[in-house]
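Subject: Structure for your files

Hello,

Here is the structure I said I would pass on. My notes follow below it.

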Amino acid sequence: MPRTKRDIIPYLFLIVPVIIYIVWVIAPMIYTFYLSLTNWDGLTTPEFIGFKNYIKLFDDKVFYISLTNNLKWLGAFITVPVILGLGLAMMLNTAIPGEKFFKMTFYMPMVLAMVVSGLIWGWMYHPKGGLVNTFLMSTGLVEKGPGWLSNRDIVLWSIIIVAIWRQVGYVMVLYLAGLKSINPQLLEAATVDGANGWQSFWRIILPLLTPVTVIVLVISVIDSLRAFDLVSVMTRGGPANASSVLANFMYIESFNNYKMGYGAAIAVILFMISLGFIILYLWRVMKDELEY
Amino acid sequence: MEAARGYFKSPWRALGYLILIIFAFLWLVPIFTGILTSLRTYDEILINGFISLPETITLENFKIAWERGGLNRYLPNSFIITLPSLVLTLFLSSLAAYALARFNFRANRMIFFTFVGGMLLPFQVLLLPVFKLTDYLGLYDTYWGLIMFHTAFQLGFCTFMLRNYMRTVPGEIIEAARIDGCSEIRIWAKIMLPLTLPAIAAVATLEFTWIFNDYLWAIVLLRSDSLKPVTAGLATLQGQFITDWPVIVAGALMGTLPTLLVFLFLQRYFIEGLTLGSSK
């Protein structure tokens, strides 16, 4: 085949997917930056207003509440599910009775729609008839259970618990795959050298799992920034914005208050926060590529 | 049994196992709560308290959610949206993946990293422009607006996964076919796709649940109640039956049945899909 014809072939395979990707993903991403500099209301033509949206944003109390809530969510996500998921993976990586049942149990929340999880948990948190308070009161420890979704101080954590319930299985899957790829001879050698289980874990297993941990952390951060469904279904950000996260704040400003330029500015902030982690992930993939 | 007895020799292991059982129990509580709630009436739960033996067991809640709650519309809509998106995104990404996995050309790395980077975007960044785009193209409030977006956005993940898998296919097979004068499109269709089938199955299983479970894009790109998929429909149902929790929960359980079945029967592919990209 002549050289030029062969050169063109990959582009023929790529042309349709790449065009679709540019139109629906890349161009919109860039366009968001422009929209954030306009006063678009969803109906009229967007008018350029410079950085006014951002100036207003940095003066908006709800923005800070949402940002803080996202950071709390992020903090919870890079610790609790990671530790639990790793612990469970360590246990389930050995031949353990009922292994299949346990795996299924922890994977299950992953396949449920967040809307479904949010509704079922919302009912469990119900102040009067819900399971949680019914249980607490039946133990006699409390006379009246707290309003899990109506108390400003705990509402966010009530939602984060649902997110953690869902995330643990995901982290566990990734660590299980990582553990499988560890050469068992390494651990045997360590045992022969007199290392106990605890030492092998800290000195051998955990360092070897570092690439998995990087991926787990990046995914956890991205997932915590994407958080929307649970909040939307369980509280809509309330009471008094106490459980608002950036994605919900953005949705409400854009589609309920028709301040779409303002919403775009919130989206840009979200993008900026995630950018560092996206680059970290790309850097990991790049490193794998070079090892080829 | 012998193995099981061996496992519990150490007291630490027995303790660990106990903790594992407690966790598993806690993890299942919401599922059982859902099932038990859906079979009772709200009045009865309020009178007797949730932790009590139900006086009567009824399937009425499922019937109400299905008919009056609109799940008989929402659930088919979910399939109408999910299946074309799934087929389109797999088809297009397998084309792109083949080019990226098997050809050396200048833009290869750049295109590859654009797909990978896009897959990690907080998709809220795309919300407003895509909303505007569907409006501009006349696709707002149609199935196709949603289908096109899902197809495009999932291209990132699917291309990444399939491309990595296609790289592991031995080159000799393809070289041999090329020498025999096989066209590239035939190589893709007759050699590459069959060999990539395990990865396609894994990615498809995962993508099915992701697209099926989407809520945000459904509420942004659709307005008509008659087009809504089950996730958006459930939110409507919640507004409609505000206090009748057994109906809401029954609806939620029905709405999640398809993904649950996919998971139960294709669990192996689902898990493979999740781990395909993270470790090699």
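**Backbone and loops**

A:Tyr258 sits in the loop between helix 13 and helix 14 (260–290) of chain A. Please keep in mind that this is a predicted model. Although A:Tyr258 is not a glycine, its phi is positive, at about 55 degrees. Chain B has a residue of this kind too: B:Asp141, with a positive phi near 60 degrees. B:Asp141 belongs to the loop between helix 7 (124–136) and helix 8 of chain B. As background, most residues other than glycine have a negative phi, and most peptide bonds are trans.

A cis peptide bond is found between A:Gly238 and A:Pro239, with omega at about -10 degrees. A:Pro239 is part of the loop between helix 12 (229–234) and helix 13 (246–256) of chain A.

**The interface of chain B and chain A**

On the side of chain B, 100 residues are in contact with 92 residues of chain A. The two chains bury about 9100 Å² between them, and 79% of that area is on carbon and sulfur atoms. Three residues, B:Trp27, B:Leu120 and B:Leu128, supply 9% of the area that chain B buries against chain A, more than any other three residues. Helix 13 (residues 245–276) of chain B gives the largest share of the side that touches chain A, with 15 residues. Sorted by class, this side of chain B has 71 nonpolar, 21 polar and 8 charged residues.

What holds for charge pairs and polar pairs here? The count of salt bridges between chain B and chain A is 0. Polar contacts do occur across the interface, in 14 residue pairs with both residues at pLDDT 80 or more.

**Salt bridges**

Side chains of opposite charge can pair when their charged atoms come close. Over all chains, a search of the whole structure finds 8 salt bridges. One of them joins A:Lys103 and A:Glu99, whose closest N and O atoms are 2.7 Å apart. Both residues lie in helix 5 (residues 99–111) of chain A, where A:Lys103 and A:Glu99 are 4 residues apart, about one turn of the helix.

**Helix packing in chain B**

Two packed helices are described by the angle between their axes and the distance between the axes. Helix 8 (residues 143–167) of chain B packs with helix 10 (residues 184–213) of chain B at an angle of about 145 degrees, the axes being 10 Å apart. The crossing of these two helices, helix 8 and helix 10 of chain B, is right-handed. From helix 8 of chain B the contact takes in residues including B:His150, B:Phe157, B:Met161 and B:Tyr165. From helix 10 of chain B it takes in residues including B:Met192, B:Pro198, B:Glu207 and B:Trp210. The residues of this contact divide into 15 nonpolar, 3 polar and 1 charged.

Helix 8 of chain B also packs with helix 5 (residues 71–102) of chain B, at an angle of about 35 degrees and with the axes 6 Å apart. The crossing of helix 5 and helix 8 of chain B is right-handed. By class, the contact of helix 5 with helix 8 of chain B has 19 nonpolar, 9 polar and 3 charged residues.

Regards

Terms used. Residues are numbered from 1 along each chain as its sequence is written. Chains are lettered from A and ligands numbered from 1 in the order in which they are written. This is a predicted model: local features need pLDDT of at least 70, side-chain atom pairs count only at pLDDT 80 or more; totals for chains, interfaces and linings use all residues. Side-chain values use heavy atoms; hydrogens and water are left out. Contact means heavy atoms within 4.5 Å. Buried area is the accessible area (1.4 Å probe) that two parts lose on being put together, summed over both. A salt bridge is a side-chain nitrogen of Lys or Arg within 4 Å of a carboxyl oxygen of Asp or Glu. A polar contact is a pair of N or O atoms within 3.5 Å; within protein, one must be able to donate a hydrogen and the other to accept it, and residues adjacent in sequence count only if both atoms are side-chain atoms. Ala, Val, Leu, Ile, Met, Phe, Trp, Tyr, Cys and Pro count as nonpolar, Asp, Glu, Lys and Arg as charged, and the others, Gly among them, as polar. Axes are lines fitted to C-alpha atoms, for helices over the stretch in contact, and angles run from 0 to 180 degrees between N-to-C directions. A crossing is left-handed if the near helix is turned anticlockwise from the far one by less than a right angle, and right-handed if clockwise.
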